[in-house]
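Subject: Structure for you to look at

Hello,

Please find the structure below.

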Amino acid sequence: MEEKATQQLKRLYSETKQAINECTTFLTPQELERILLTPEEEEFIEQLNGSQVSLVRAATLLRELHARFLRTFILSAFDLTWDMMSTPKRFQYAKEKELELYQSLNRMADIKQEEIKEIIKQESNVITINDPIEVISSRSEIEQCRREIQEAVLRQLNEAIASKLVESVDSLRNSYVGTLERCLASLEQNFIDHQEAPNALLALRQILNAAYRVEVNVQSSTSILRVLWEKMKQLISKSFMPRIWTNYGVINDEWKRQQALEIIEKLDESRLAKSICSQFRARLKLSHEQFLQSIRDLELQHAGRLQYTEELRLRVRKMHAPRMAKFALESTSLIDLIIYGMPCLEKEIGRGQYGVVYACESWAGHSPCAVKSVVPPDDKHWNDLAMEFYYTRCIPEHERIVSIFGSVIDHSYGSGSTPAVLLVMQRLNRDLYSAIKSGLDWLLRLQIAIDVVEGIRFLHNQGLVHRDIKLKNILLDENNRAKITDLGFCKPEAMMSGSVVGTPIHMSPELFSGRYDNSVDVYAFGILFWYICAGHVRLPHIFEQCQTRDQLWNCVRRGVRPERLPQFDNECWQLMVQCWDGDKTKRPHLGDVEIKLRQIKSSEAANQMDLIQAQAYTV
């Protein structure tokens, strides 16, 4: 056996290295350094001597290598899926927030027009000219003095108006722009990761700063207030024509105050306020249009990146992860074979679509056991089996999930042409289908429903979706407590390919669209609960009319659901109806389902106790 195990290990190591070479393109050097074997470990495997101890160590090194790669692939699939889902939403969010900001600023301009008029009136009464007294000797000096007074008046008005605008715009900026910038920064990070130049994003952020950041510094050529400043001077120049002075001499404070008052008296508050707000709106509109164009450019750049992301996600999900899971199954099975040997198959205790289940007295210190023998007909079934084994072995033990103790690959099966995979697992008494068919007390059935919900919740907390919750995949122990089995279709959401899997009447409508999440298990539980409440295993009447699998699927797609039976109380009926709602967003959370079930069970137990006490009293 050692010689065969050595050959299998070296073949597995060679295939593993080839697979690693094909998947290193999307892994960083840091990730590879953390995952790969050390040079000493590689040398140990290559110089394997064939002893049992060295075989177990070499197989363990390979198993750990496979597990590290698998964890990396699954986490990458989650990241890639999140990127595919979140990027369009981030764009939509950015556009909605910018539109809200644009509309808010326009509304602000309407409101501020009246406030600006009042500011001009108020400031007219407090204009001060504190320049020193000058001696004037020519008409040009008078004109220069007039211009300086005009500048001083405008400066004070402008500062008052600017402070009002800045206060309002900054308030909106804090509400909108900060969030926008964080959203855009996350989009920019995508380009940094993929080494693409985010030119559109840089332009977009510049536009945001230029359009929505009002500056008090009127000397800035890019400031909105600079434009308003020039406009104010134009309006005043047109409305105020200075008188010609012929007497030269001393210009004092009184003369300057009179000049300032004449400027203010000639100032049209309404016209000036309207002009200021008009300029403000024009700049906002231009910036808004530039923003939208930049967003479109940025979306085009992301479209190519997202296409590459989707292709990479498919490769991880359909090729890299399943192949590494198959290698992990082989390395783990080899360790189990070397240490514990081949399990002894006894009588057949079950048969399913993909395998036969045998009894086994004991294996690896576990007793009694069940051995599921599966002969994968092709690579797809090999991959599915390997992923099932990986997920089942990797999740923590839970009292509501059937435990897998180990696995062995029987290479002698079918004369060695089609190896059989033997999964050694916990052996229980019977499945829920057989139990209900034989007859179960109502309170026991309610407890089983609670157990099933606990099991599904545990899988969901591990990031897994079962996708095939049904009577025959619920096993009962000697105390009629339930455990979920057969994780063959169980996968993390990020690893699901959109395949149509499951048992027809337990399948939610969205399964047929290929776009679904863990709420499909809530739907399936609703159908399972119908059987639990019914107390029999006959098909619902509407489904009994279907002759083929396709007819069943069509019924489900049309929204057909099981009928209400006379024995259903309102609480149980409403719960199953909520669970199988055609709109997945309206299905209840399993935590709420569990609470409701416990309330129903508690109420039923109290009713039964009251009935027993009443009967005892009568006797």
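In which helix is E299 found? E299 is in helix α9, which covers residues 269–340. Helices here are DSSP runs of H or I with at least four residues, strands are runs of E with at least two, and both are numbered from the N terminus.

Before going further, note that this is a predicted model, in which local features need pLDDT of at least 70 and side-chain atom pairs count only at pLDDT 80 or more, while totals for chains, interfaces and linings use all residues. Residues are numbered from 1 along each chain as its sequence is written, and side-chain values use heavy atoms, with hydrogens and water left out.

Back to E299. The residue is partly exposed, with a relative accessible area of 27%. On this scale, buried means under 20% relative accessible area, exposed means over 50%, and partly exposed lies in between (1.4 Å probe, protein chains only). Apart from neighbours within four places in sequence, E299 is in contact with F91 and K95; contact means heavy atoms within 4.5 Å. E299 and F91 are 208 residues apart in sequence, yet their C-alpha atoms are 7.7 Å apart in space.

The chain as a whole

The protein chain has 17 helices and 12 strands. Of its 619 residues, 49% are buried. Its accessible surface is about 30,800 Å², and carbon and sulfur atoms hold 49% of that; the areas come from the Shrake-Rupley method with a 1.4 Å probe, and for residues only the protein chains shown count as cover. Among contacts with a separation of 6 or more, 74% are between residues 24 or more positions apart.

Cores

The largest nonpolar core has 120 residues, and F69, L432, F525, L528, F529 and L597 touch the most other members. A nonpolar core is a set of buried Ala, Val, Leu, Ile, Met, Phe, Trp, Tyr and Cys residues joined through side-chain atoms within 4.5 Å. A second, separate core of 9 residues includes F91, C183, L187 and I295.

L70 lies in helix α4 (residues 52–124). Is L70 buried or exposed? L70 is buried, because its relative accessible area is 0%. Its contacts, leaving aside residues within four places in sequence, are A321, M324, A325, A328, M387 and Y390. L70 and R323 are 253 residues apart in sequence and 9.3 Å apart in space, C-alpha to C-alpha.

Rings

How many aromatic pairs does a search of the whole structure find? The search finds 8. Rings of Phe, Tyr and Trp (its six-membered ring) pair if their centres lie within 6.5 Å; planes under 30 degrees apart count as stacked, over 60 as edge-to-face and the rest as tilted. The W530 and Y531 pair is edge-to-face because the planes are at 90°, with the ring centres 5.2 Å apart. Both W530 and Y531 are buried. W530 also forms an edge-to-face pair with F568, at 6.2 Å centre to centre and 85° between the planes. This pair links distant parts of the chain, 38 residues apart: W530 is in helix α13 (residues 519–534), and F568 is in the loop between α15 (549–557) and α16 (570–579). F568 has 5% relative accessibility, so this residue counts as buried. Ring pairs join W530, Y531, F568, W573 and W580 into a cluster.

Two lysines sit over rings. The charged end of K326 is over the ring of W382, 4.9 Å from its centre, and K472 lies over the face of Y433, at 4.9 Å from the ring centre. The test asks for NZ of Lys or CZ of Arg within 6 Å of the ring centre and within 35 degrees of the ring normal.

Strands

Strand β6 (residues 404–410) has 6 of its 7 residues buried. β6 runs antiparallel to strand β7 (residues 420–426), and 6 bridges join them; two strands pair if DSSP finds at least two bridges between them. The bridge partner of V408 in β7 is L422.

Elsewhere, 3 strands form an open antiparallel sheet in the order β8-β10-β11. β8 (430–431) and β11 (482–484) each have a single partner strand, so one side of each is left without a neighbour in the sheet. R430 stands opposite L476 in β10.

Regards
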